[in-house]
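This report goes through selected features of the structure shown below.

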Amino acid sequence: MKVLALVSDAFGGDGGIARFNRDLLGAIAGAPDVEGVDVLCRHAPRREAALPAKVRQATAGGGRAGYALRALWRGIAGPRYDVVLCGHLHLAPVAEAISRLQGIPLWVQIYGIEAWQRPAPLRARAMHHAHLVTAISRYTRARFLEWADVPAHRVRVLPCTVDERFTPGPKPEPLARKLGVEGRRIILTVARISRGDRYKGHDTVLAALKQLVPRMPDLAYVIAGDGDDRPRLEQLARDCGVADRVHFAGQVSDSEFLDYYRLADVFVMPSAKEGFGIVFLEAAATGLPVIAGSKDGSADPLADGAIGTMVAPGDAMAVAEAIERALGAPRPDPQRGKRFEPAAFRQHAQDMLQFHARTAP
């Protein structure tokens with residue numbers, strides 16, 4: 001079986017979608033009956049990355065139009081494939097055209113807010129022709145089915161997995177010195193801080209920190225991530241009177257994440273629009289108590305509260321109370337998220353591929 005994958009980011013990229021794509025493509029390539037996986041990325045990788053066996057990755061330049069043209073040419077003049085995997089709803093029209101050109105089934109992966117409301121007509125029409133749609137959470141699946149003209153049995157949940165390197169360990173003192181947080185108890189958020197991602201809940205954590213500092217003076221808040229909303233958050237920290245407790249770490253590479261989790265004492269991201277939130281799994285696997293929002297796809301990585309605490313997004317008092325309880329309790333069991341381990345994900349992804357092959361017209 002040969003697979004063509006159209007994705008935004010994968011090997012060498014940063015962010016949750018790139019990480020999910022790497023896990024999914026690696027799992028598919030590991031299936032015994034898969035001969036090869038050709039990956040065409042929308043964005044150039046930001047660093048060199050080793051590719052799994054049977055995976056070949058190329059990047060199409062020239063913006064959206066250039067990507068579409070190169071992908072279509074691959075479908076017309078390239079090798080014959082057995083499946084086209086579309087790694088983002090926005091790429092679905094191109095993937096659907098290749099599916100028609102080659103007469104092969106279309107598998108589309110969806111994540112979060114891009115799939116929660118009816119998209120432009122061309123994208124919605126392409127999704128109608130998908131033979132299989134996988135969503136990273138029950139919430140995203142339900143929101144997608146509210147508008148999509150796709151039979152429910154074709155829409156399955158394929159949750160994220162967590163890398164095996166995320167394990168408990170001692171606090172990295174060099175990082176503590178670098179950030180100036182030696183001897184502090186650390187609240188950590190790992191997320192972009194762009195204007196379009198204000199739903200992540202940084203504002204709420206800052207308001208909660210303002211409530212907590214008078215009775216917990218050793219607290220510090222580390223924000224790992226960067227973006228164009230940083231100046232506003234810096235000003236908000238000053239307005240809340242906690243600027244000396246807030247440390248903006250900037251962009252953090254994948255190789256640095258483990259140290260940040262091990263530095264922290266509690267992970268908090270009370271998001272309102274999370275498709276899943278792989279960072280919750282990473283934090284839990286590192287042994288951190290986890291606090292998330294209760295109104296979105298965060299319920300899946302938190303196993304409806306079995307793996308962490310869910311609070312109403314925007315409720316600073318509830319966030320403050322959850323942080324105080326977490327810091328006063330023993331560290332949770334890092335094995336509580338075992339259901340998301342890589343072996344289970346690989347088997348799940350390969351089962352999806354086989355289901356796709358069996359049921360596609």
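This is a predicted model: local features need pLDDT of at least 70, side-chain atom pairs count only at pLDDT 80 or more; totals for chains, interfaces and linings use all residues.

Glu274 is in the loop between β11 (266–269) and α10 (278–285), and Lys200 in the loop between β8 (185–190) and α7 (202–212), so the pair ties together parts that are 74 residues apart in sequence. Glu274 is buried too, because its relative accessible area of 9% is under the 20% limit.

Arg331 and Asp265 also meet in a salt bridge through their side chains, at 3.7 Å from N to O. Arg331 belongs to the loop between α11 (316–328) and α12 (342–359), while Asp265 belongs to the loop between α9 (257–263) and β11; these distant parts of the chain are 66 residues apart. Asp265 counts as buried at 14% relative accessibility, whereas Arg331 is partly exposed at 45%.

## A buried pair and the total count

The whole structure contains 26 salt bridges. One of them links Arg74 and Asp38, whose closest N and O atoms are 3.9 Å apart. Arg74 is part of helix α2 (residues 63–77) and Asp38 part of strand β2 (residues 36–41), so this contact ties together parts that are 36 residues apart in sequence. Both partners, Arg74 and Asp38, are buried. Side chains of opposite charge can pair when their charged atoms come close.

## The seven-stranded sheet

Seven strands form an open sheet with parallel pairing, in the order β3-β2-β1-β4-β5-β6-β7. Strands β3 (55–59) and β7 (155–157) are the edges, each pairing on one side only. From one strand to the next, the twist averages 20°.

Strand β4 (residues 83–86) pairs in the parallel sense with β1 (residues 2–7) over four bridges, and Cys86 of β4 is the bridge partner of Leu6. Three bridges join β4 to β5, again in parallel; here Leu85 has Trp107 of β5 as its bridge partner. Both faces of β4 are covered: Val83 and Leu85 are buried on one side, Val84 and Cys86 on the other.

Helix α5 (residues 138–147) lies across β5 (106–110), β6 and β7, and runs at about 165° to β7.

## Positive phi angles in a loop

Most residues other than glycine have a negative phi. Ala303 has a positive phi of about 50° although it is not a glycine, and Asp304, also not a glycine, has a positive phi of about 55°. Ala303 sits in the loop between β12 (290–293) and β13 (309–311), and Asp304 is placed in the loop between β12 and β13 as well.

What is the relative accessible area of Ala303, and is the residue buried or exposed? Ala303 is buried, with a value of 13%. Asp304 counts as partly exposed at 49% relative accessibility.

## A nonpolar surface patch

Trp73, Ile76 and Leu101 make a nonpolar surface patch of about 370 Å². Of these residues, Leu101 lies in helix α3 (residues 92–102).

Methods: Residues are numbered from 1 along each chain as its sequence is written. Side-chain values use heavy atoms; hydrogens and water are left out. Patches are made of residues with over 30% relative accessible area and no salt bridge: like charges are joined within 9 Å, nonpolar side chains (Val, Leu, Ile, Met, Phe, Trp, Tyr) within 5 Å. Accessible areas come from the Shrake-Rupley method with a 1.4 Å probe; for residues, only the protein chains shown count as cover. A salt bridge is a side-chain nitrogen of Lys or Arg within 4 Å of a carboxyl oxygen of Asp or Glu. Helices (H or I, at least four residues) and strands (E, at least two) are DSSP runs, numbered from the N terminus. Buried means under 20% relative accessible area, exposed over 50%, partly exposed in between (1.4 Å probe, protein chains only). Two strands pair if DSSP finds at least two bridges between them. Axes are lines fitted to C-alpha atoms, for helices over the stretch in contact, and angles run from 0 to 180 degrees between N-to-C directions. Contact means heavy atoms within 4.5 Å.
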